[in-house]
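Have the viewer open as you read.

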Amino acid sequence: MTATNGLRLLPWSSPEGKPCFLSTDGGSSRLSRRADEIEDLQLSMGADLLGHARVLLNDRKADVREVRFLAERLCEALRDALRVAESRGGRLPSHDDDGDADARA
């Protein structure tokens, strides 16, 4: 699922669960800005979830169902964060052996 050849990995999947890509020369298109907003929201929700996780894990009365629900949400948040990292990493300039940077997207 790596973004290559100027393709940006989007923060959502197709209805079949396949990755979606955007062909763009920059981040100024409406769809690209929307993808940025969704990535920011996903990361923010992950950070909030992490705070809730700490509280729940410190609660000795939390039952197995609550912890399992938490684990499922944390897995979703981690999946989203990794997808954002892959997408943003794919848009970083690459460096050749001489140290020159070539922009990918």
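What volume does the largest pocket have? It comes to about 170 Å³. Before going on, a word on what you're looking at: this is a predicted model, where local features need pLDDT of at least 70 and side-chain atom pairs count only at pLDDT 80 or more, while totals for chains, interfaces and linings use all residues. Residues are numbered from 1 along each chain as its sequence is written, and side-chain values use heavy atoms, with hydrogens and water left out.

Back to the pocket. A pocket here is an open set of points on a 1 Å grid over the protein atoms alone, where a 1.4 Å probe fits, with protein on both sides within 12 Å along at least five of seven lines; lining residues have an atom within 4 Å of a point. Grid points are joined across faces, edges and corners, and the volume is the space filled by probe spheres set on the points. Among the lining residues are Met45, Gly46, Leu49, Arg73 and Ala77. H1 gives the most to this lining, with 6 residues, and H1 and H2 each supply at least two. By type, the lining splits into 5 nonpolar, 2 polar and 3 charged residues (Ala, Val, Leu, Ile, Met, Phe, Trp, Tyr, Cys and Pro are nonpolar, Asp, Glu, Lys and Arg charged, and the others, Gly among them, polar).

Now zoom out to the whole chain. There are 2 helices and 4 strands, running β-β-α-α-β-β from the N terminus on. These are DSSP runs numbered from the N terminus: helices are H or I with at least four residues, strands are E with at least two. Of the 105 residues, 24% count as buried (under 20% relative accessible area; exposed is over 50%, partly exposed in between, with a 1.4 Å probe and protein chains only).

What sits in the largest nonpolar core? Its 5 residues are Leu49, Ala53, Leu56, Leu70 and Ala77. H1 and H2 are the elements that give two or more residues to this core, and the largest share, 3 residues, comes from H1. Such a core is a set of buried Ala, Val, Leu, Ile, Met, Phe, Trp, Tyr and Cys residues joined through side-chain atoms within 4.5 Å. Leaving aside neighbours within four places in sequence, Ala53 is in contact with Leu70 and Leu74 (contact means heavy atoms within 4.5 Å).

On to the charges. A search of the whole structure finds 11 salt bridges, each a side-chain nitrogen of Lys or Arg within 4 Å of a carboxyl oxygen of Asp or Glu. In one of them, Glu39 pairs with Arg91, the closest N and O atoms being 3.7 Å apart. Glu39 lies in helix H1 (residues 30–58) and Arg91 in the loop between helix H2 (64–90) and strand E3 (94–95), so this bridge ties together parts that are 52 residues apart in sequence. Glu39 is buried at 1% relative accessibility, while Arg91 is partly exposed at 26%.

Asp40 and Arg88 also meet in a salt bridge, at 3.0 Å from N to O. That pair links H1 to H2 across 48 residues. Both ends are partly exposed, Asp40 at 45% and Arg88 at 32%.

Arg68 is exposed at 56%, and Glu72 is partly exposed at 34%. Elsewhere, salt bridges that share partners join Arg8, Asp36, Glu39, Asp40, Arg88 and Arg91 into one network.
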